[in-house]
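Trainee: I have a new structure to read. Can you walk me through its features?

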Amino acid sequence: MTIATLSFTSSFTPHHTFHHRRRRHHLLKPTTKISSQVSLTTPPSITLQPALKKTGVIVVGAGLAGLAAAIRLHSDNIPFLLVEASDGVGGRVRTDNVDGFLLDRGFQIFITGYPEARRILDYEALDLQKFYSGAKVYYGGGFHTVADPLRHLGDAIQSLTNPIGSIVDKSLIALTRIRVLTQSDDQIFSAEETSTINLLKRIGFSDSIVDRFFRPFFGGIFFDRDLETTSRLFDFIFKCLALGDNTLPAKGISAIPEQLASKLPSNSIILNTPVKSIDSESESSHTVRLNNGETLKAEYGVIIAVEEPEAVKLLAGKSNDIPVQIKPPRSTVCLYFSADRAQVPVPDPVLFINGSGHGIVNNMFFATNVAPSYGPPGKVLVSVSLIGLYEDVSDEDLKTKVVEELSGWFGKEVSVGSWKYLRSYRVKFAQPNQCPPTDLQKNPKLGLGLYVCGDYRTSATFDGALVSGRKAAEALLKDRSLVQAS
């Protein structure tokens, strides 16, 4: 896929539209004409016709939810325009190429058990690379394995007597697996809820397995080490983990939104085009006002598919379903290092988690052990994740603390001090905060012709974003009686 640089003769002047072609990752620094970070080449300049200032549906935001909404509209041949403020599709799901390494913007793992993702994505084309089904827990000065007995029976048997929980705890994990697998997703999302930590205590898990495994493992998924996240999300993730694998696409996590974008018509995605406001002139006329003062009109409606803080700004006063204030979002810092293969004698495609209760590192892994394509031949890419934003700590101080901490983890076997620092990502809005009370099945309709979607409206997962986008489009189609007979 490539991004086309546009020159416009009409008064509507966004900078880019999205075209489809196979490509590799490439990082370009912004210039006068910003090029996307996911493009190596740029096709000839094209002109946007004034007719594109009016269309059937305008989707604001080209993250996973916006892309899913656009795909659903396109399946019924509904004209649409997908407007994105940044220089590429994906929202938070982006990848940069730095010195030949693929750096996902924050710790992101794709679970193949996601039901909506299975329906809409081509897993084979994504060339998904699997993690080990389990984790290595740093505790007591060493590493201890927690393994999925259905995939790594030998390792699971050997781990029965390790200090990461008792045999009873490991039996309770099996019973929890059975419990979630016998429930539908709708049952999980509408079940009585509590916090994840309260659920684990209610099930009967010991403090040792909660503190040494659940806090760093699920805390790393939720960016919430206190495990205050709703039990509904815990059950859904637990179920998806039981049904699938943790993976990385060979070409980076951004391959997921880019595959979705490739399903859409050429020139249907407009990049570098921030939206200022949404105005409804009547039930059949909706206007999207851009930051540059220009307007786009939608005949059927507008779907808002941006992150929750931005949605609150755009939709202020337009619906009681949009809160004035939102819960503080989940944040993370992800640091990347490179190393020579000889400096990292750890071949395992496994997630390392911090069960010690000390330090700032929550989890880390050698990304090139999982997906060799994440780095040049002979090199290792190291990904380290922290929970929280650490706003008062500089990148340099964070790097120093991480290197010191991981040197203690690996000892002399791994020369952590020789690793080359690549980049840090501070992701303020890594996930919506989904502490109870929650409603993970919100109606996407705010009013006739105005709809909203995103993972904050459903489950805070890739799958939740995809489901939310599809349901927003289907609500619009139903309201406008545009659903084609099957």
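Trainee: Which residue stands opposite A135?

Mentor: Start with the idea of pairing: two strands pair if DSSP finds at least two bridges between them. Strands are DSSP runs of E, at least two residues long, and helices are runs of H or I, at least four long, numbered from the N terminus. Here, A135 stands opposite V146 in strand 10. Strand 9 (residues 134–139) pairs with strand 10 (residues 142–147) in the antiparallel sense, over six bridges. Two residues lie between these strands in a hairpin, and G140 in the turn has a positive phi of about 65°.

Mentor: One caution. This is a predicted model, where local features need pLDDT of at least 70, side-chain atom pairs count only at pLDDT 80 or more, and totals for chains, interfaces and linings use all residues. Residues are numbered from 1 along each chain as its sequence is written, and side-chain values use heavy atoms, without hydrogens or water.

Trainee: What stands opposite V98?

Mentor: F101 in strand 6 does. Strand 5 (residues 95–98) and strand 6 pair in the antiparallel sense over four bridges. Their hairpin has two residues between the strands, and D99 takes a positive phi near 55°.

Trainee: Are the faces of strand 6 covered or uncovered?

Mentor: First, the scale: buried means under 20% relative accessible area, exposed over 50%, and partly exposed in between (1.4 Å probe, protein chains only). Both faces of strand 6 (residues 101–104) are covered. F101 and L103 on one side are buried, as are L102 and D104 on the other. Across the protein, buried residues make up 57% of the 486 residues.

Trainee: Which residues touch the most other members in the largest nonpolar core?

Mentor: In soluble globular proteins, nonpolar side chains tend to be buried together. A nonpolar core is a set of buried Ala, Val, Leu, Ile, Met, Phe, Trp, Tyr and Cys residues joined through side-chain atoms within 4.5 Å. The largest one here has 98 residues, and L73, F110, F214, F218 and I303 touch the most other members. Apart from it lies another core of 28 residues, among them Y138, A147, V333 and W409.

Trainee: What does F110 touch?

Mentor: Contact means heavy atoms within 4.5 Å. Leaving out residues up to four places away in sequence, F110 touches residues including A117, L121, D245, I256 and F462.

Trainee: Where does L160 lie?

Mentor: L160 is in the loop between helix 4 (153–158) and helix 5 (167–181). L160 is partly exposed, with a relative accessible area of 31%.
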